[in-house]
Each structure stands twice: as C-alpha cells, then as structure tokens.
Amino acid sequence: MADFGGGDPEAFRKEVREWVEANFPPELKGRPNPMMREERAKPTEAQEAWRKAVGSKGWGTPTWPKAYGGGGLGAAEARIIQQEFGRAGAYNPIGGMGVMMFGPTLLEYGTEDQKLEHIPPICRGDVQWCQGFSEPGAGSDLAALQTRAEDKGDHFLINGQKIWTSGAQFADWCFCLVRTDTSKKHEGISFVLFTMHQPGVEVRPIKLIAGSSPFCETFFTDARAEKKNLVGPLNGGWTIAKRLLQHERGGLSGAGGGGGMGGRSLVDLAREYVGVDAQGRIADPDLRTRVVQHEIEGRSFQQTAVRAMLESKGNSGPSAATSIMKNAGTSWMQMRHELTLEIMGHQGLGWEGDAFKPEELGAVRGWLGGKAFTIYGGSQEVQSNIISKRILGLPDLTQHN
Amino acid sequence: MAVLNEEQSMLRDAAKSWTQEKSPVTAFRKMRDSGVEIGYDVNAWNEMAEMGWAGVIIPEEYGGSAFGYLSIGLILEELGRTLTASPLIASGVGAASALVLGGSDAQKSEWLPKIADGSVVGALAVDEGPHHAPEKVALAATKSGAGYSLSGTKTFVIEGLAANLLVVSARTSGKPGDKDGITLFLVPADARGVSRKRLALADSRGAANITFDKVEVDADAVLGAADKGWDVLEKTLDRVRAALAAEMLGAANQAFETTLDYLKVRVQFGQVIGSFQALQHRAAKMFTDLELARSAVEAALQAIDADSPDVPELVSLSKAKMGDVFHLVSNEMVQMHGGIGMTDAHDAGFYLKRARAAEAAFGSQSYHRDRYARINGY
C-alpha cells in the first residue's frame with residue numbers, strides 16, 4: 001500500500017517534508033496553481049519541474065493505485081501530503097477534470113487497457129481532460145442529449161455540439177456522452193473518449209457576465225473516437241455518467257461549491273467600509289443582523305461537514321447530511337459575495353481601473369462568477385429534486401424510462 | 001446524528017422506546033385537555049426520574065449518573081419529538097447545573113440528590129419582562145441581619161408553579177444592565193413572601209410569574225459569591241439553552257416527518273401532493289435546514305461536555321439556528337396540511353405553539369444573534 005516502511009505516519013510526514021524541500025522550487029512558494037488562471041500562459045520552467053516531480057511520485061493523485069501511476073496511499077497519507085504541501089506554500093500541480101471526476105470514474109468502469117492508457121498521463125499532469133456533457137438542448141435534462149456517434153467499424157464518427165465545456169480550449173482529450181441509439185432516451189447513450197487535437201473538433205470560448213471565459217462551445221464535425229475508447233457497454237453510458245456526476249458534486253461540495261473563499265471576513269470588511277458604533281458594533285444594524293445570520297449559517301455548514309465525515313467513518317456508508325452539502329454550501333457562498341458587494345457600496349461595483357483596489361475588483365467578478373455555483377454541477381433545483389425524491393422518498397412523476 | 005458511545009446509544013434507545021410506548025403526542029394532548037395547572041403529568045415525571053433522567057448531569061456522589069450534556073440532549077430530543085411535558089430542563093438541567101457549578105458542598109448535598117430522584121423540582125427565576133434579559137435584573141436583595149431580604153418580580157418562570165426550589169437571580173449592587181452585582185439565591189418556593197401566579201401559555205406547558213415580597217433568606221442561601229453570580233448564571237443559562245435546543249431539534253424533526261408522511265398520502269388532482277415540485281423543494285429545504293441545525297445543537301452540547309471556552313458562542317449559534325429552523329418547520333407543518341392543520345384535533349397546532357414558546361425562552365433568535373456577534377467583537 002504505502003511507499004514508506006511500516007505505516008508510521010510521522011515517518012511518512014518526515015519523508016514528505018524532506019522530499020518537498022528537495023523538489024519544490026522556492027520561487028513558486030505561495031503562488032497559486034497556474035491551472036486556476038484562465039489565461040494560461042506557457043508554464044515556466046519551475047512550474048514544469050514541479051509538475052514533473054509530483055507527477056513521477058504519483059503524489060498529485062495520492063490514493064490512486066500505483067499500477068496506474070497513482071501514489072497507492074491511504075487517506076491518512078494523502079492528508080499528510082496535502083498538509084505538507086500547504087506548509088511549504090506549494091500547490092498541487094496535478095488537477096483538472098481528469099483528477100476530479102474522469103479518473104475516478106475510469107478506475108471504476110474502465111477496462112485494464114483503458115486504465116493503463118489514460119490514467120498514468122492524468123497522474124503525471126501530462127494530459128488535460130474536458131467534459132463533453134451538456135448541450136444547448138440538454139442541460140438539467142442531460143439525457144436529452146443529441147450529439148450523434150455513428151458506428152464506423154473500428155471507430156465512431158461524432159457530429160454535434162456541446163456547451164459549457166470547461167477548459168476545452170486547453171484540453172487534450174474529451175470524455176463525451178454521445179447518442180448511439182435514437183429510439184431510447186437514457187439507454188441510447190454511450191460514453192466515449194477522443195482526442196481534442198483533431199480537425200473535426202472546434203472550440204469557441206463563451207464570454208460570461210464576469211468577463212472571463214472559463215467555458216466553451218465545442219463543435220464536432222466528423223470527429224473520430226476509436227472503438228477501444230468506448231467506456232462501458234454500448235448504450236450503457238448513462239450509468240457511468242451518473243457516477244461521474246456524483247464525483248463532480250463531491251468535488252464541488254468540498255470546496256463549498258466554487259473553490260475556497262479566501263479574502264477578509266465580512267466583519268473586517270464591514271469595519272472598514274461601514275464603520276462601527278460606540279460599542280464597537282457594525283454601524284448599520286440591519287446589515288449587522290444579516291452578517292451574523294450569514295456567519296451562523298456558515299458555521300453550521302462547517303460543523304455539518306465535520307459531522308458528515310465523522311458519521312461516514314463511524315457508521316456504514318455516507319451520512320445523509322452529504323446530500324445537502326452542495327445546496328447549503330453554494331447558497332452560502334453566493335450570499336457571501338452579495339454581502340461583500342453590499343458592504344463595499346459603490347467601491348464594490350468597479351469593473352476595472354485604478355480607482356478600485358484589486359480586492360474590490362475581485363468582489364464584483366467573484367459575485368458574478370458565483371452566480372454559476374447554484375447552476376452548474378446539478379442546479380439547486382435538481383439538487384432539491386434529488387433530496388426530495390431519493391432521500392425523502394417523495395414521488396417521481398417526471399418522464400423516465 | 002453524532003457518533004455515540006455505547007452509554008449514549010442506550011440512553012437514546014431507552015428514551016425512544018419510553019416516549020413511543022408511554023408518552024406519544026396523545027399523552028401531551030391528554031395532559032393539555034386535563035387542564036393540569038403545573039403543565040405536566042406527575043406520573044410521567046416520576047417514571048422519567050425512576051429511569052435516572054433527572055440525574056444525568058449530576059455527579060454520582062450526589063445521586064446522579066454524570067453522563068453529561070450530550071446525553072441529556074439525546075433524551076430531550078426524543079421527548080421533544082412527542083412534545084412530552086416535564087420539568088426535566090428546568091430542574092434536571094437548570095437548577096442542577098446551577099448547583100453543580102456554584103453550590104457549596106452543603107448546598108449540593110442538600111439539593112442535588114432530591115433533584116436527581118425527581119422529588120424536588122427546581123426552576124430558574126431569571127427574567128423580569130417579556131424578553132429574556134438576564135443582565136437587566138432589578139429584583140433587589142438587601143442585607144437583612146445575617147441574611148438577605150428579596151423583593152421584586154420574576155416573570156415567565158418555566159415550571160415556576162411546580163417548583164419546590166427556585167434559583168433566583170437578584171441584584172445586590174449596581175444597576176440593571178450591570179453584570180457585576182448579581183447574586184444567585186436558593187429560595188424554597190414555599191418561603192414566606194413568595195407568591196406564584198400561574199400563566200396559561202399557548203404551549204400548555206408550565207410557567208408562572210413569581211412575586212417576592214420581603215422574602216427573608218439566610219446567608220447560606222447565596223449560591224456562589226455575593227455580587228459575583230453572573231458567571232454561574234451565564235454558564236447555567238447556556239446549559240439550559242443547549243438542552244432546550246435539543247428538545248426543539250426533536251420536535252422540529254417530528255413535525256417535519258409527520259408533514260412528509262402527509263405529503264406521501266394526501267391525494268388531490270389525481271395525485272399524491274408530494275409529487276408537486278413546489279412542495280418537494282420546500283421539503284428539501286426543511287431537510288437541509290434540519291441537518292444544519294442538528295450539527296449546531298450537537299456541537300454545543302459536546303462543547304459543554306468538553307468544558308470548551310467556545311461554549312457561549314456555540315450555544316448562541318445553536319439556539320439561534322434551531323429557533324429559525326423550528327420556526328420555519330412549524331409554519332410549514334400547518335401550511336402543508338392545509339385546512340386540517342388548522343384544527344385543534346390535529347397535532348400541527350401543538351408543534352406550532354411549542355415552537356414559539358421555545359423560541360422565546362432563554363433568548364430568542366434575535367437575542368442570540370446579537371450575543372454571537374458581540375462575542376465575536378462586532
């Protein structure tokens with residue numbers, strides 16, 4: 001299991017710390033993951049070196065099996081690696097859709113050959129993946145997708161359009177849901193993989209209200225997917241897709257639905273932009289109430305995350321509390337953005353320019369980008385449907401086969 | 001639900017089976033219909049005491065089992081589910097905590113064993129107006145010989161009519177609003193000069209206004225140190241608040257589950273009303289909120305057991321959050337049941353009334369949001 005002797009966590013921690021010291025380029029200390037930036041410039045030498053070092057150890061995907069390039073470690077060791085990276089101000093250079101959702105799914109559903117071909121490059125960070133799921137006519141109702149895959153013997157020919165393809169402009173490969181049987185809805189969907197670097201694939205970034213383009217439209221005109229890259233049985237892709245979406249949801253919930261909330265607390269911001277009264281209370285009593293309400297909500301969410309983890313460890317199976325996490329976390333995050341904007345007043349509405357501090361410009365962009373949290377990864381309404389139908393057992397009268 | 005040890009699991013299971021067999025909501029309805037002034041069934045209380053529930057936070061040397069506050073919270077959650085009325089919070093948590101935290105050996109020996117076996121019911125007499133404001137004590141305790149003379153009024157004393165022992169907050173110096181100058185007194189409820197007026201509240205539970213007319217007490221009636229009672233008072237109140245939040249958690253969960261069951265059986269427009277998405281989403285919201293509230297309630301009880309410095313903050317968090325959620329769920333219970341939810345024959349009205357009474361007791365959501373903010377410096 002572990003690549004250290006015995007099972008002594010402190011010995012492992014020492015090993016990790018020494019390795020990080022020896023391999024993490026000091027100039028990258030405290031710097032964010034370059035993959036998080038949308039305008040991905042060519043990676044620097046140091047960034048490349050760090051990626052190669054972590055990738056060769058498999059420590060970017062520490063719990064994945066060693067046979068496919070992962071670290072082969074347990075959860076405790078993975079946590080130690082995370083802590084030691086954090087301590088050194090080092091980001092995990094291995095990430096993206098391949099790590100968050102595709103890799104775990106392929107490890108469950110892929111053939112040995114598929115795993116051997118596709119997992120190691122993910123572990124090394126050599127290959128970036130994008131998700132070909134949503135279409136203009138198939139968002140919440142994903143199974144209504146229409147992108148066609150025609151069987152051409154040793155390959156499929158793919159024609160159609162995907163939308164909201166995150167990072168398609170940087171992706172090397174695509175895991176894609178395609179229609180292989182038009183006579184059935186859910187049972188006519190297959191899960192295929194193909195390279196983005198082929199003539200039949202065209203990518204167009206979509207500009208969003210926050211000004212950035214994290215998502216794309218992706219057009220397929222006679223794009224080619226090799227038969228060996230069909231994951232699972234023909235027309236059996238929907239089951240695999242559902243499992244992948246669970247991984248996606250888990251990844252989003254962990255970060256509260258949209259990545260960590262850095263920055264100053266609302267209270268600190270309120271002290272600066274709104275002021276305090278003679279007793280040291282936020283000077284606007286109405287705002288103060290809403291801030292404390294928000295703090296209480298956030299605290300109980302954190303407590304629930306802890307409780308869900310302890311319960312999942314202690315009892316059999318995941319805690320029921322996990323189903324609420326995406327909705328609770330995302331609405332909390334959005335409220336944080338709204339309150340930040342409100343606290344900053346006009347200073348919180350700057351689009352660009354030196355009349356505004358970076359933190360203030362970030363507030364606007366963050367607030368706009370945050371509107372997506374309750375839409376993507378299973379909208380708030382879909383999550384509520386899942387809670388009400390699957391957890392609470394309320395009847396499902398929507399069309400299903 | 002928190003991961004429980006074996007003792008805690010057993011306590012919870014015992015409470016579950018007792019309430020299901022011996023104290024379902026029909027028992028509450030029967031108590032209410034009987035008009036019994038103390039607001040609970042004495043026989044039920046005796047059974048609870050026999051099971052040791054009144055001694056759960058009392059040390060073994062004084063006749064208790066010292067299982068702690070999460071344990072009493074587990075029992076109260078089950079009692080809350082069926083709206084079981086009893087002085088467990090006022091006596092087994094309130095008076096008991098005050099004595100454990102601030103009592104002399106003599107005071108503990110005199111009162112705790114009887115609280116533990118249920119033969120003495122204790123109650124906290126703290127408020128003096130329509131809103132909980134423990135630092136605004138005005139009831140005066142003036143020196144009288146070697147002891148004190150108490151004069152003033154206490155309002156909305158929970159289980160005040162049934163109580164044998166009153167733990168009274170009085171002012172020995174300073175002015176209302178000062179935390180310094182508050183003294184806690186142990187006053188037998190039948191002391192000369194104490195008069196009690198029953199309050200018939202909407203939730204049918206026991207409460208009284210109590211007037212103190214030159215009530216003479218000895219020096220040994222002081223709980224803790226004179227003028228320095230605030231610390232014990234606040235700690236005691238936090239334990240009561242956390243216990244009450246646990247009871248609210250049970251009641252809110254049962255209110256939700258009863259409503260959910262209704263959504264699955266009531267048919268209108270040719271289908272079960274639980275198939276309507278608007279109701280599904282409201283149900284999902286309540287489920288989400290109940291999970292968040294559970295985390296806050298359990299964290300507060302665990303913090304008390306760990307004697308954490310975060311107790312005041314976590315308790316205010318739990319009372320505020322639980323209050324909001326019970327408020328929502330109790331409203332939705334009536335609304336989602338439609339017309340029948342408005343009938344007295346249905347239980348929805350009981351949960352609604354209980355919710356508001358519990359919200360008001362020992363600090364409303366508003367009080368605790370303000371306290372949470374003040375503790376955090378804003």
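The legends below accompany close-up views of a predicted model.

**Figure 1. Overall view of chain B.** Chain B is built from eleven helices and ten strands. Its C-alpha atoms fill a box of roughly 80 × 45 × 40 Å along the principal axes. The radius of gyration of chain B is 21 Å, which agrees with the value near 21 Å that a compact globule of 378 residues would have. Of the 378 residues of chain B, 55% count as buried. When contacts in chain B between residues at least 6 apart in sequence are considered, 75% of them join residues at least 24 apart.

**Figure 2. Domains 1 and 2 of chain B.** The domain assignment divides chain B into domain 1 (6-89 + 108-119), domain 2 (123-227) and domain 3 (231-375). Between the C-alpha centres of domain 1 of chain B and domain 2 of chain B there are 25 Å. Eight residues from domain 1 of chain B and eight residues from domain 2 of chain B make up the contact. On the side of domain 1 of chain B that touches domain 2 of chain B, five residues are nonpolar, one is polar and two are charged.

**Figure 3. The largest nonpolar core and the surroundings of B:Val167.** The largest nonpolar core holds 157 residues, and those touching the most other members are B:Ala95, B:Ala123, B:Leu150, B:Val167, B:Phe185, B:Ala252 and B:Ala300. Helix 7 of chain B provides the largest share of this core, with 18 residues. Another core, of 57 residues, lies apart from it and includes A:Leu28, A:Phe102, A:Met196 and A:Leu244. When residues up to four places away in sequence are not counted, B:Val167 touches B:Gly94, B:Ala95, B:Ala98, B:Gly122, B:Leu124, B:Ala125, B:Leu184, B:Leu186 and B:Leu223. In soluble globular proteins, nonpolar side chains tend to be buried together.

**Figure 4. B:Asp238 in helix 7 of chain B.** B:Asp238 belongs to helix 7 of chain B, which covers residues 230-265. B:Asp238 counts as buried because 25 C-beta neighbours lie inside 10 Å, and 20 or more are required for that class. Beyond its neighbours within four places in sequence, B:Asp238 is in contact with B:Val311, B:Pro312 and B:Val315. B:Phe362 is 124 residues away from B:Asp238 along the chain, yet the C-alpha atoms of these two residues are separated by 8.7 Å.

**Figure 5. Two residues of chain B with positive phi.** B:Phe156 has a phi near 50 degrees, a positive value in a residue other than glycine. B:Phe156 is part of strand 3 of chain B, residues 147-158. With 22 C-beta neighbours inside 10 Å, B:Phe156 is classed as buried. B:Asp307, likewise not a glycine, also has a positive phi near 50 degrees. The loop between helix 8 (277-305) and helix 9 (311-337) of chain B holds B:Asp307. B:Asp307 is exposed because 8 other C-beta atoms lie within 10 Å, and 12 or fewer place a residue in that class.

**Figure 6. Strand pairing around strand 7 of chain A.** Strand 3 (residues 155-166) of chain A pairs with strand 7 (residues 215-226) of chain A in the antiparallel sense, over nine bridges. In this region A:Ile158 stands opposite A:Ala223 of strand 7 of chain A. Strand 6 (residues 201-206) of chain A also runs antiparallel to strand 7 of chain A, and six bridges join them. A:Ile206 stands opposite A:Phe215 in strand 7 of chain A.

**Figure 7. Domains 2 and 3 of chain A.** The assignment for chain A gives domain 1 (1-94), domain 2 (129-240) and domain 3 (255-391). The C-alpha centres of domain 2 of chain A and domain 3 of chain A are separated by 33 Å. Four residues from domain 2 of chain A and five residues from domain 3 of chain A form the contact. The side of domain 2 of chain A that touches domain 3 of chain A has two nonpolar, two polar and no charged residues.

**Figure 8. The interface between chain A and chain B.** In this interface, 31 residues of chain A are in contact with 31 residues of chain B. On the side of chain A that touches chain B, the elements giving two or more residues are helix 8 (285-314), helix 9 (325-344) and helix 11 (380-391) of chain A. Helix 8 of chain A contributes the largest share of that side, 14 residues. By class, the side of chain A that touches chain B comprises 15 nonpolar, eleven polar and five charged residues.

Key
Residues are numbered from 1 along each chain as its sequence is written. Chains are lettered from A and ligands numbered from 1 in the order in which they are written. This is a predicted model: local features need pLDDT of at least 70, side-chain atom pairs count only at pLDDT 80 or more; totals for chains, interfaces and linings use all residues. Helices (H or I, at least four residues) and strands (E, at least two) are DSSP runs, numbered from the N terminus. Two residues are in contact if their C-beta atoms, placed from the backbone, lie within 7 Å. Domain bounds come from an automatic or database domain assignment. Ala, Val, Leu, Ile, Met, Phe, Trp, Tyr, Cys and Pro count as nonpolar, Asp, Glu, Lys and Arg as charged, and the others, Gly among them, as polar. A nonpolar core is a set of buried Ala, Val, Leu, Ile, Met, Phe, Trp, Tyr and Cys residues joined through C-beta atoms within 7 Å. The radius of gyration is taken over C-alpha atoms; the globule rule is 2.2 Å times the number of residues to the power 0.38. Two strands pair if DSSP finds at least two bridges between them.
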